[in-house]
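Trainee: Could you take me through one part of this model in close detail? I would like to look at the nonpolar core and at what surrounds it.

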Amino acid sequence: MNGRKQWELQVSEAELSSMTRDLDEAHRETIPTMYAKAGEFAEQIAEQNGTPRSLARRRFLLGAGAAGAALALAACGSGGSTNTGSAPASTGGSSAAPASKYTGDFKVVALATALENQAIAAYTAALSAASAGKLGAVPPAVGTFAKTAMAQHADHAKAWNAVLSSAGKPTISGVPLSGQPAVQQALGSVKTVGDVAKLALQLENQAAQTYLFAEFNVASPGGISTAASIAPVEAMHAAVLQFVLGQYPVPDNFLATDMAANPSQLTV
Amino acid sequence: MGDEHLDTRLLNELTVQSQDLNSDAVRITHDALGEFAEQQEERTAKRGWSPLAMIAGLVGAGTVLGATQASAATASNDIMALQTAASIENLAVSVYTTAAGLPFIKTGNKTVAAFIAKTTMQHTAHAQAFNAAITKAGGKVQNAPDPKYAAVVKSALPTIKGPADVVKLAITLEDVAAQTYTKNVSEVSDPALRKLFGSVAPVEAQHRSVLLAVQALLAGGGASLIAIPTDAAKLPAAAGSVGFPASFYPTSSASPVSEGAVK
């Protein structure tokens, strides 16, 4: 707030927020298109597994609603859990299952959902720490960034979980990743906004690169287009974080995949 | 004079960073192009069979011909997509190069000038990658700008009066590039090309993200905050989200694959 006193906007914050609102409306317009693509993806992979496309479509529409509930659980951030369809009962956990419930494209979808949940959990924990005053003074722009990025990750997770439920696969409501304990440990030791931003940058880069990896390793056209539409958004999050950290926001000519998560990191 | 004003320290740092950080990305792009070349060789080998099949006129010739034609059409679409991508990159390079020479850029915000210089290099690298893929696919390289957006630029240039106008035009081009490549990922037939388009689209999206933030700061009189490092504490709250307006990158304004194809 002190910073605001030192810098007077020539347009009001309300006008700037209005610009953001216009963009937010544009964002809302993209969601129906993306859900259509994700639904198409659900039908394609369900068909590969012998499930009728019409059934997969119905399940997808139901799953898109149920996925919202799963996201609330994701914010808890611990371990990993899977929900069978829309039922609340959870199975699995952070320990490796004897045989994964997810194979082929489903494994990549499950990995994507887990990564999105990981980001949601990290931003939730960071915002909670900020509210408790554990991070010192939090710049207003950083708070807005965390809330908006978290909401977008929730949209991504919802889309992926709807694909899983449409195929009769358990949705993912936690973070069933072998690397999650390390992330939680890192989150527990953050002291400043900069510490949080560095950790978030790692997660955003990992997500963007994992989606790039998925684009040329997933077989379903719907899955490819869904991954392709999310990767740039994660990269945009990373650009803003780089800027906040005092680094150049677009350091690479091409997105790499060296930080991409491996499907073997999935523990369910 | 303009050179003196450019933040050469930042630019030098960026160049060194770029060399380090891009090594993996460049390797990936090279890998993608190598895989693409192999796919093209396989296609060419298959195409070599088609005249024999036609001459023979034996059972199944029609099927072979149909499959060959479909494969050739797919390959043709891939080449057109690459040519259109190269044409968008060529236009971006041209626009940023022109912008760098404008008096209010040369003597204006150093970080904006450094961004323009770095972004020009990145678009040049993209154009080279797309043209390299075209060559490997046996197509004609595209050195001309995208005709549709060249016209947009031509009509916009006389109206440019300050940095905000440049930023607005650049946002349009970066968004078209990002949308086009995002769509191309699921339209091209070859996984190696998916990798190539998929590795460039996020970078264009990042350019747009930066430009959206710069646009908001210029509109808000916060030009002094357009700096690396910036004073994050002084950034207005809305600046934290203005750079990424959608959960899913749209493709409704993507250029069709034929838009910048070599005629």
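Mentor: Chain A has eight helices and three strands, where helices (H or I, at least four residues) and strands (E, at least two) are DSSP runs numbered from the N terminus. From the N terminus on, its elements follow the order α-α-α-β-β-α-α-β-α-α-α. Chain B, by contrast, has eight helices and zero strands, so its pattern reads α-α-α-α-α-α-α-α.

Some ground rules before we go further. This is a predicted model, in which local features need pLDDT of at least 70, side-chain atom pairs count only at pLDDT 80 or more, and totals for chains, interfaces and linings use all residues. Residues are numbered from 1 along each chain as its sequence is written, while chains are lettered from A and ligands numbered from 1 in the order in which they are written.

Now to burial. A residue is buried if 20 or more other C-beta atoms, placed from the backbone, lie within 10 Å of its own; it is exposed at 12 or fewer, and partly exposed in between. On that count, 54% of the 268 residues of chain A are buried, and 50% of the 263 residues of chain B.

The core itself is a set of buried Ala, Val, Leu, Ile, Met, Phe, Trp, Tyr and Cys residues joined through C-beta atoms within 7 Å. The largest one has 139 residues, and those with the most contacts inside it are A:Ala110, A:Ala122, A:Val163, A:Ala231, B:Leu173, B:Ala201 and B:Val214. Its largest share, 16 residues, comes from H8(B). In soluble globular proteins, nonpolar side chains tend to be buried together.

Let's zoom in on A:Ala122. Leaving aside neighbours within four places in sequence, A:Ala122 is in contact (C-beta atoms, placed from the backbone, within 7 Å) with A:Val183, A:Leu187, A:Leu199, A:Ala200 and A:Leu203.

Finally, how far to trust chain A? Its mean pLDDT (the predictor's confidence in each residue, from 0 to 100) is 80, and 65% of its residues reach 70 or more. Confidence in chain A is highest in helix H7 (residues 193-215), at a mean of 98, and lowest in strand E2 (residues 90-91), at 30. Over residues 1-13 of chain A the pLDDT is below 50, and this stretch has 18 contacts in the model beyond near neighbours in sequence.

Key
Two residues are in contact if their C-beta atoms, placed from the backbone, lie within 7 Å.
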